[in-house]
Amino acid sequence: MSDKSVQVGGMILGMVGTNCFYVFDENRVDEDGKVHVIFFDPADRGKLIYDKLTEKNFVIDIILLTHGHFDHIAGAEELKKLSGAKLYCHEKEMAMLSDPYLNLGDYFGCRVGKVKADGYYRDGDIIEAAGLSCKLIATPGHTSGGCCYYFEDDGILISGDTLFEESVGRTDFPTSSTSELMRSIKERLFVLPDDTIVYPGHGGVTTIGHEKIYNRYVI
Ligand SMILES: [Zn+2]
């Protein structure tokens, strides 16, 4: 059953235009009048993210990462400190967060400070926060610990740099694998319902059904 009160908000931040998304149930207001959110990929400027969400009466319950590249984590430490929210990623991505070679900070000349996850999840783990529930789907390929987050009841997929609108993530980086990326998309994402709305790490929003027809990079 689709719950229409579940919404996705977003902002674009950082030197390569990264989508930062937050998911919330607008009907679920706490006794202080605040709406709680799950925040994905604080790409840059943690204080700006915090201020914008606070202005709108949002509280961040948890921060989840789709992967550890610098352009998805540069705002993480500041956002953690200001919000008090804990940060999690896939088990295999832990080391990338604080390694400027692996997280491409050196490659793009944009070193981020040390980002530390408070814990990790594995494939199939259910994450309950902000009154919502989502499942981690491991989708190695862009990075070995890259993953997507699937809100099954709401038909929402946060796809990071695994699947883009009519494109896919690059696989020429440390821990990347083209064959793994293809397998992840075909076997883990293209099996989801066609009307699943896909929110990628860069570019426009799409659906699984649209990508199955029009994405010419998935072979
Ligand atoms: Zn990336």
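**View 1. E165 sits in the loop between β11 (163-164) and β12 (167-168).** Here strands are DSSP runs of E with at least two residues, helices are DSSP runs of H or I with at least four residues, and both are numbered from the N terminus. This is a predicted model, in which local features need pLDDT of at least 70 and side-chain atom pairs count only at pLDDT 80 or more, while totals for chains, interfaces and linings use all residues. Residues are numbered from 1 along each chain as its sequence is written, and side-chain values use heavy atoms, with hydrogens and water left out. With a relative accessible area of 38%, E165 is partly exposed; buried means under 20%, exposed over 50%, and partly exposed in between, using a 1.4 Å probe and protein chains only. Leaving aside residues up to four places away in sequence, E165 touches P200, G204, V205, T206 and E211, where contact means heavy atoms within 4.5 Å. From E165 to M182 the C-alpha to C-alpha separation is 15 Å, and the two are 17 residues apart in sequence.

**View 2. Helix α4 covers residues 178-189.** How far apart are the end C-alpha atoms of this helix? They are 16 Å apart, which agrees with the 16 Å that its 12 residues should span at 1.5 Å a residue; the expected span is 1.5 Å times one less than the number of residues. Look for L181, M182, S184, I185 and L189, which are buried in α4. Seen down the helix axis, the buried residues fall within an arc of 160 degrees, so they line one face of α4; the arc is that of the directions from the helix axis to the C-beta atoms. The cover over these buried residues includes β9 (147-151), β10 (156-160), β11, β12 and α5 (208-214).

**View 3. N19 belongs to strand β2 (residues 18-29).** Its relative accessibility is 7%, so N19 counts as buried. The N19 side chain reaches the backbone oxygen of P200 at 2.8 Å. Beyond residues up to four places away in sequence, N19 touches M11, I12, D41, P200, G201, H202 and G203.

**View 4. R45 and A130 are found in loops.** Most residues other than glycine have a negative phi. R45 is not a glycine, yet its phi is positive, at about 50 degrees; R45 lies between β3 (35-40) and α1 (46-55). A130, also not a glycine, has a positive phi of about 55 degrees and lies in the loop between β7 (126-129) and β8 (132-138). Is A130 buried or exposed? A130 counts as buried, at 5% relative accessibility.

Conventions: A polar contact is a pair of N or O atoms within 3.5 Å; within protein, one must be able to donate a hydrogen and the other to accept it, and residues adjacent in sequence count only if both atoms are side-chain atoms.
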